[in-house]
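Colleague: I am new to reading models of this kind, and I would like to learn how to look at them step by step. Could we go through one together?

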Amino acid sequence: MATTLPTYATFGQKIWYYTFRVFCGLVFFYLIFPILIVIPLSFNAQDFFTFTPEMLRLDPEGYSLKHYRDFLGANGDYSWLQAFSNSLIIAPLATLLSVSLGTLAAIGLSQPHVPFKRQIMALLISPMIVPLIITSAGMFFFYSSVSLQGTLAGVVLAHAALGIPFVIITVTATLSSFDQSLTRAAANMGADPVTTFFRIQMPLILPGVISGGLFAFITSFDEVVVVLLVGSAGQKTLPWQMFIGLREQISPTILAVATILVVISIALLTTVELLRRRSERLRGMSPG
Amino acid sequence: MADTSTNGPMMAADGTPLKQSLARALRRQKRRALLLTAPLLLFVLVSFIMPIGSMLMRSIQNTAGTDYIPDIIPNVVVALEDWDPQSGDLPSEAAFKAMAIDFKAAFKNKQHTQLGRRFNYETPGMSSLFRKSGRAISRLKIEEITDFKAEMLDVDKDWGKIEYWATIKANSGYYTGSYYMAAFDAERTIEGVQMKDPDQRIYQKLMIRTLWLSALITFCTLVIGYPVAWLLADLPLRTSNLLMILVLLPFWTSLLVRTSAWKILLQEQGVINDIWIALGFTERLSLINNQLGVVIAMTHILLPFMILPLYSVMKTIPPSYLRAAKSLGATNTTAFLRVYFPQTTPGIGAGALLVFILAVGYFITPELVGGADGTFISNRIYFQFSTLGNWGLAAALGTIMLVIVLLLYYVYDKLVGIDNVKLG
């Protein structure tokens with residue numbers, strides 16, 4: 001396959017080239033279409049999940065912010081807002097926990113001589129691999145026995161455990177390109193390990209730490225199975241509310257929620273991409 | 001004579017032998033690395049490993065409610081010790097007496113229904129027997145009764161069923177294999193443990209369906225992900241970075257958003273069916289609440305996990321290899337099959353294993369778009385757990401699934417290496 005089609009390409013090659021491009025285009029469409037389609041649908045003035053004739057005519061009558069008002073509790077139902085605020089409490093706490101512990105451990109794991117490094121890594125990444133239903137069933141049993149089941153602390157602990165693999169992966173990746181002689185140089189000039197960490201190492205690995213933190217945040221922010229089993233009525237998060245809503249009677253408010261979440265993901269993705277480029281530029285890996 | 005190495009070991013500045021000094025420095029380095037890792041290891045141990053351990057324990061603990069069965073019916077356990085279910089006779093008078101005594105105690109503690117429900121998992125009918133007998137047995141006056149067997153059969157003639165007593169005897173230990181028996185679709189009969197009739201082997205069927213659909217989804221992500229990864233690896237960096245966003249955005253979007261988007265798109269009155277009708281077809285397609293819906297939605301959700309590892313491998317293959325093959329006379333097909341494709345197999349292995357591992361454990365998407373015939377084993381575990389309350393069976397099914405996933409994880413580690421997992 002070539003990036004551009006040479007002028008001497010045969011008819012067959014031309015067909016192949018365009019078929020390939022069209023196929024890839026369709027796949028990109030398949031990837032992005034379901035995510036973008038919820039945005040216009042969420043402005044539907046009716047309680048339908050498809051485009052009404054008014055919407056297709058681009059008639060302003062067909063569009064409204066009704067579902068967003070419902071999300072904010074205009075119909076007297078504040079459960080969405082409550083769930084949203086619960087999510088906004090749980091996710092940052094879980095993120096804080098997994099980022100602080102995860103960064104420390106990633107630094108430990110990036111030292112030149114770590115005994116059982118492979119085994120430790122395998123253990124720390126396993127929360128990402130073990131099916132969520134197994135993790136949450138186990139957490140239900142164990143957290144019940146130590147009376148953490150149905151508490152905010154229980155859900156935060158559980159979500160922090162789920163976020164750890166992402167922090168470990170991103171931070172160790174950043175550290176792999178960190179020049180260890182910089183810490184030696186700092187130590188040489190009289191800095192103690194704590195100063196070295198905060199003044200030298202931390203600023204350089206910060207992009208990786210933030211990316212890991214955003215991953216951990218979105219993991220907790222999106223998580224539903226653990227909340228279903230470990231949480232109780234007091235910890236209903238936004239995904240919990242969506243899941244219950246989708247399983248029983250689908251309410252069109254879900255479209256508005258989905259749109260809000262898509263906007264949040266776009267913001268997070270942009271941040272991570274900018275951080276990645278910045279860190280590549282710092283390391284002199286990319287010209288841009 | 002300045003060279004000390006000729007007459008002794010080399011010394012470090014503080015006068016200790018250099019070798020010793022280096023070994024000490026290495027030990028200190030190792031200790032520091034472990035100390036930095038220790039808080040997280042402790043945290044993961046408490047918040048993740050111990051829960052998994054307690055699930056493993058659940059799958060073999062023989063409990064009703066919070067207590068072990070032999071602690072609830074201690075006298076029955078002793079009295080049944082010498083009884084052989086295969087003899088065809090009912091247990092002895094002593095066993096009936098023991099049951100009357102233990103049952104009274106259990107009734108007092110309100111445990112008799114839990115006990116019945118526990119036995120009912122294995123032998124249907126026992127739950128109602130225990131529930132119905134509750135009050136009647138609690139009224140019996142133990143000291144005045146001479147014929148316990150007759151008295152118990154008078155309460156309910158089902159106490160004369162040998163298979164009920166066989167179930168009680170089989171479950172009189174602190175630990176039981178009966179949840180695994182159920183999870184492997186076996187059942188206890190008077191003749192011993194046997195496989196159920198083939199059409200009643202629901203867990204086997206579900207396990208096969210889970211593995212088959214996961215394999216199908218993995219195959220679909222490979223078939224449509226491969227060309228895209230190739231295109232991305234081949235395009236100039238600026239363009240491919242832009243297109244990469246189309247791959248990464250779904251990756252960052254909430255799983256529930258993507259699942260609900262598919263639920264909305266695929267439903268009978270949804271956008272896709274509306275377009276289908278607008279194209280002139282008269283019959284609406286049933287795209288949801290079946291296996292097709294699960295495959296469409298999960299292929300979409302897991303596609304980035306295939307494209308990203310493929311892309312990172314393809315990026316390292318110099319484009320000149322393909323050109324070289326062609327200039328040596330290979331056709332496009334030969335050049336691809338003999339030169340390019342073999343070099344991408346590590347990426348295929350990494351992507352396929354990752355997608356398969358993740359797919360096997362999926363719960364939310366099959367639950368919401370799977371309907372009756374598109375559910376996975378996870379859904380059944382959740383159902384056992386939350387609706388039927390058979391935690392032991394849920395734990396046993398979970399353990400079997402955990403073993404499968406860990407085996408795959410081990411293969412993944414051997415082939416790809418955990419430290420090579422990349423995100424975005």
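This is a predicted model: local features need pLDDT of at least 70, side-chain atom pairs count only at pLDDT 80 or more; totals for chains, interfaces and linings use all residues.

Colleague: What span does helix α7 of chain A reach from its first C-alpha to its last?

Modeller: Helices here are DSSP runs (H or I, at least four residues) numbered from the N terminus, and the expected span of a helix is 1.5 Å times one less than its number of residues. Helix α7 of chain A, residues 152–176, has 25 residues and reaches 36 Å, close to the 36 Å expected.

Colleague: How many residues of α7(A) are buried?

Modeller: A residue is buried if 20 or more other C-beta atoms, placed from the backbone, lie within 10 Å of its own, exposed if 12 or fewer, and partly exposed in between. In α7(A), 22 of the 25 residues are buried, and the helix is mostly covered.

Colleague: Which span does α9(A) have between its end C-alpha atoms, and where does α9(A) bend?

Modeller: A straight helix of 30 residues would span 44 Å, but α9(A) spans only 37 Å. The bend, of about 60 degrees, is at Met202(A), and the proline Pro203(A) follows within four residues.

Colleague: How should I read the packing of two helices?

Modeller: Axes are lines fitted to C-alpha atoms, for helices over the stretch in contact, and angles run from 0 to 180 degrees between N-to-C directions. Angles under 35 degrees count as roughly parallel, over 145 as roughly antiparallel, 65 to 115 as roughly perpendicular and the rest as oblique. In chain B, the axes of α12 (residues 255–266) and α14 (residues 291–314) come within 10 Å and cross at roughly 140 degrees, and α12(B) and α14(B) are therefore oblique to each other. Their crossing is right-handed; a crossing is right-handed if the near helix is turned clockwise from the far one by less than a right angle, and left-handed if anticlockwise.

Colleague: Which residues of α12(B) and α14(B) meet?

Modeller: Two residues are in contact if their C-beta atoms, placed from the backbone, lie within 7 Å. On the α12(B) side the residues include Leu255(B), Arg258(B) and Trp262(B), and those they meet in α14(B) include Gly293(B), Ile296(B) and His300(B). As a general idea, an α-helix has 3.6 residues a turn, so residues three or four places apart point the same way.

Modeller: Helix α10 of chain B, residues 202–234, also packs with α14(B), at an angle of about 45 degrees and with the axes 6 Å apart. That angle makes α10(B) oblique to α14(B), and the crossing of these two helices is right-handed.

Colleague: How many residues does each chain bring to the contact between chains A and B?

Modeller: Chain A brings 77 residues and chain B brings 77 residues. Several helices of chain A each supply at least two residues of the side that touches chain B, among them α1 (11–41), α4 (79–109) and α9 (193–222), and α1(A) gives the most, with 13 residues. From chain B, Thr37(B) in helix α1 (residues 18–58) touches Ala105(A), Gly108(A), Leu109(A) and Ile120(A), not counting residues up to four places away in sequence. Thr37(B) is buried, with 24 other C-beta atoms within 10 Å.

Colleague: What is phi of Leu58(A), and what is phi of Ser147(A)?

Modeller: Most residues other than glycine have a negative phi. Leu58(A), although not a glycine, has a positive phi of about 60 degrees, and it lies in the loop between α2 (53–56) and α3 (66–71) of chain A. Leu58(A) is exposed, with 8 other C-beta atoms within 10 Å. Phi of Ser147(A) is also positive, near 45 degrees; Ser147(A) lies in the loop between α6 and α7 of chain A and is exposed, with 10 other C-beta atoms within 10 Å.

Terms used
Residues are numbered from 1 along each chain as its sequence is written. Chains are lettered from A and ligands numbered from 1 in the order in which they are written. The bend at a residue is the angle between axes fitted to the seven residues ending there and the seven starting there.
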